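Here are my notes on this one, point by point. Have the model open while you read.

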Amino acid sequence: MDTINVLAFDLGASSGRGMLARFDGTKITLEEVHRFPHNFSVLNGRAYWNIVSLYEEMKEGMRLCKEPLSGVGFDTWGVDCGMIDAQGNLLGMPGSYRDAALDQENMDSVLASFVPEEKDHDKAVQEGERYAFSQTGIASLAYNTLYKLCYLQKAMPEQMKAADKILFMPNLIEYLFSGVVHSEYSIASTSQLLDMKEKKWAVELMEKAGIAPSLLAPLDYAGKDLGPLRAEIAREVGQEKLHILSVSGHDTACAVAAVPAREEEFTFLSSGTWSLMGISSKTMLEGEQVIRDKISNEGTWDGGYRPTVNIIGLWLNQELRRSFQREGKEYSFARMNEMAAAEKPLQSFIRPDDFMQPGDYPEKIRAYCAKTGQPVPQTDGALVRCVLESLAMRYRQVYQSLKPYITWEEKLYIVGGGAQNQVLNQFTANALGIPVITGASEATAVGNIMEQLYALEAYRTREEKCNILAASFDTAEYLPQDTAVWDEAYQRFEQLYQ
């Protein structure tokens with residue numbers, strides 16, 4: 001077959017990149033053609049994404065591809081959205097989930113409004129959370145689109161009144177390049193506006209929240225051809241035959257699409273700045289324990305479920321490295337791992353999800369360990385080991401919450417940048433007591449590409465997909481070691497959550 005060239009734009013919350021994939025019928029080769037920084041800006045106290053800058057950078061990425069492209073796909077982080085009016089004009093800059101107004105107080109006020117008959121505020125919030133989950137199957141998190149739109153009803157009523165359609169970030173980008181208005185299932189599933197059981201908009205919930213259901217665009221699935229690039233853009237970037245191919249708009253769904261599992265149901269960890277642990281499942285999870293464990297029944301690219309828990313990830317390592325750099329110590333991540341591996345194991349732990357804000361991480365970690373009566377890490381290597389072991393223990397904790405729903409062979413697939421962290425991978429196998437199998441480090445882009453190839457009918461079955469992944473990307477297996485010692489240490493870690 002002739003080589004198929006597709007371009008995947010993978011946008012994170014601080015940078016974006018365009019990855020060119022060449023598929024020869026057997027194997028994919030990747031080339032990063034364009035990387036660009038971006039971040040939210042705070043204007044008049046509100047946090048926004050610069051969609052115009054992103055648009056220009058992505059045009060530049062298309063322009064840098066000299067061979068003809070068959071397709072381009074876009075994936076981003078979850079929950080955020082922009083608005084267009086009835087004439088198709090963009091209504092301002094899309095807001096960022098890091099907006100300080102999207103806090104617990106804002107979310108709780110919305111949840112309590114769902115049960116106005118309950119006068120006790122705390123009970124109303126709890127009942128409202130149960131109601132929201134019953135309508136959507138999604139955990140209540142303060143930055144979800146549901147709570148953002150409720151806030152905008154109060155803070156920007158004129159903009160909301162002018163809006164004809166709300167488009168999630170990847171679908172807004174697709175609209176700018178193609179003119180197609182739609183909502184892709186996986187990105188819509190992050191919003192807490194979608195009834196995951198019925199796979200349709202949660203109309204009753206939206207009406208209770210004062211959000212017009214007509215604002216949401218028609219729902220569909222990834223793996224489809226949305227049509228050609230707008231003619232004027234095609235001429236500008238020199239890609240006259242380029243089509244927009246719908247992929248999983250949510251980057252985690254793309255990463256899961258790159259998991260090299262031949263099984264239909266499996267357990268995964270998308271490991272990067274954030275860690276997202278979950279299962280790819282034929283059914284959604286329900287019940288009080290699911291609500292308490294903050295498990296969200298988000299969607300896969302092909303209409304399935306991936307019940308997922310958000311965990312802070314290698315952000316902790318990145319913050320440690322930034323702190324070391326401020327002290328004049330230019331450690332690479334590989335060197336930090338070597339330092340950690342040389343330290344005495346399982347001495348001290350932190351609660352990873354308590355460490356989400358920037359700062360002096362050596363001081364923060366030492367202060368936490370002193371406060372909780374644990375040995376205080378004295379060396380840089382001990383600090384790194386504390387972070388990596390704490391992450392592995394947190395993964396075990398989340399895995400335990402998912403384990404009742406796992407009916408298949410127990411093993412964990414790790415994809416994403418963290419798949420390259422051999423020390424953390426081994427710690428994870430030790431902590432969970434199960435084999436760990438790593439896949440593509442560029443998993444989000446790879447999943448994006450695999451879904452484009454599906455839309456182009458380059459493959460059709462799971463077996464064909466896995467054969468392509470196996471031919472294109474290396475895997476490694478980590479078997480658990482010293483499990484009795486890790487089991488004992490886990491009891492100490494759990495005490496931090498009492």
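1. On a 1 Å grid over the protein atoms alone, a pocket is an open set of points with protein on both sides within 12 Å along at least five of seven lines. Its volume is the space filled by probe spheres set on the points. Keep in mind that we're looking at a predicted model.

2. With that settled, the second largest pocket comes out at about 890 Å³. Its lining takes in 32 residues, and L141, A142, Y143, W274 and M356 are the ones closest to the centre. As for where the lining comes from, α2, β17 (296–299), β18 (305–312) and α15 (380–402) each put in at least two residues. Split by class, the lining has 14 nonpolar residues, nine polar and nine charged.

3. Now the aromatics. The count of aromatic pairs is 20. One of them joins W49 and Y97, a tilted pair with 6.5 Å from centre to centre and 35° between the planes. W49 sits in the loop between β5 (46–48) and α1 (51–64), and Y97 in the loop between β7 (81–84) and α2 (104–113), so this contact ties together parts that are 48 residues apart in sequence. W49 is buried, at 0% relative accessible area. Y97 has 15% relative accessibility, and it counts as buried because the cut-off is under 20%.

4. F74 belongs to strand β6 (residues 71–75) and F177 to helix α6, so the pair ties together parts that are 103 residues apart in sequence. Both F74 and F177 are buried.

5. While you're on F177, have a look at the helix around it. α6 spans residues 169–178 and is mostly covered, with nine of its ten residues buried. Those buried residues are M169, P170, N171, L172, I173, E174, Y175, F177 and S178. After the helix comes G179, which has a positive phi, near 85°.

6. Two charges sit over rings. K208 lies over the face of Y131, 4.4 Å from the ring centre. R351 does likewise over the face of Y497, at 4.5 Å from the ring centre.

7. On to salt bridges, of which the structure holds 31. E67 and R22 make one, with 2.9 Å from N to O. E67 is in the loop between α1 and β6 while R22 is in strand β2 (residues 15–23), so the bridge ties together parts that are 45 residues apart in sequence. E67 counts as partly exposed at 21% relative accessibility, and R22 is partly exposed too, at 25%.

8. For a local example, take E338 and R335, whose side chains meet in a salt bridge at 3.2 Å, N to O. Both are in helix α13 (residues 333–341), three residues apart, about one turn of the helix. E338 is partly exposed at 49% relative accessibility, as is R335 at 40%.

9. K403 and E410 also form a salt bridge, with 3.9 Å between the closest N and O atoms. K403 is partly exposed, with a relative accessible area of 34%, and E410 is partly exposed at 31%. There is a network as well: salt bridges link E56, K59, E60, R63 and E236.

10. Last one: H250. Is H250 buried or exposed? H250 is buried, at 6% relative accessible area. You'll find H250 in the loop between β14 (243–246) and α10 (251–257). From the C-alpha atom of H250 to that of F23 is 23 Å, and the two residues are 227 apart along the chain.

How values were computed. Residues numbered from 1 in each chain as written. Predicted model: local features only at pLDDT ≥ 70, side-chain atom pairs only at ≥ 80, totals over all residues. Heavy atoms only, no water. Buried < 20%, exposed > 50% of the residue type's maximum accessible area, 1.4 Å probe, protein only. Helix = DSSP H or I, 4+ residues; strand = E, 2+ residues; numbered from the N terminus. Phe/Tyr/Trp six-rings, centres within 6.5 Å; stacked < 30°, edge-to-face > 60°. Lys NZ or Arg CZ within 6 Å of the ring centre and 35° of its normal. 1 Å grid on protein atoms, 1.4 Å probe; cavity = no way out; pocket = protein on both sides within 12 Å on 5 of 7 lines; lining within 4 Å. Nonpolar A, V, L, I, M, F, W, Y, C, P; charged D, E, K, R; others polar. Salt bridge = Lys/Arg side-chain N within 4 Å of Asp/Glu carboxyl O.
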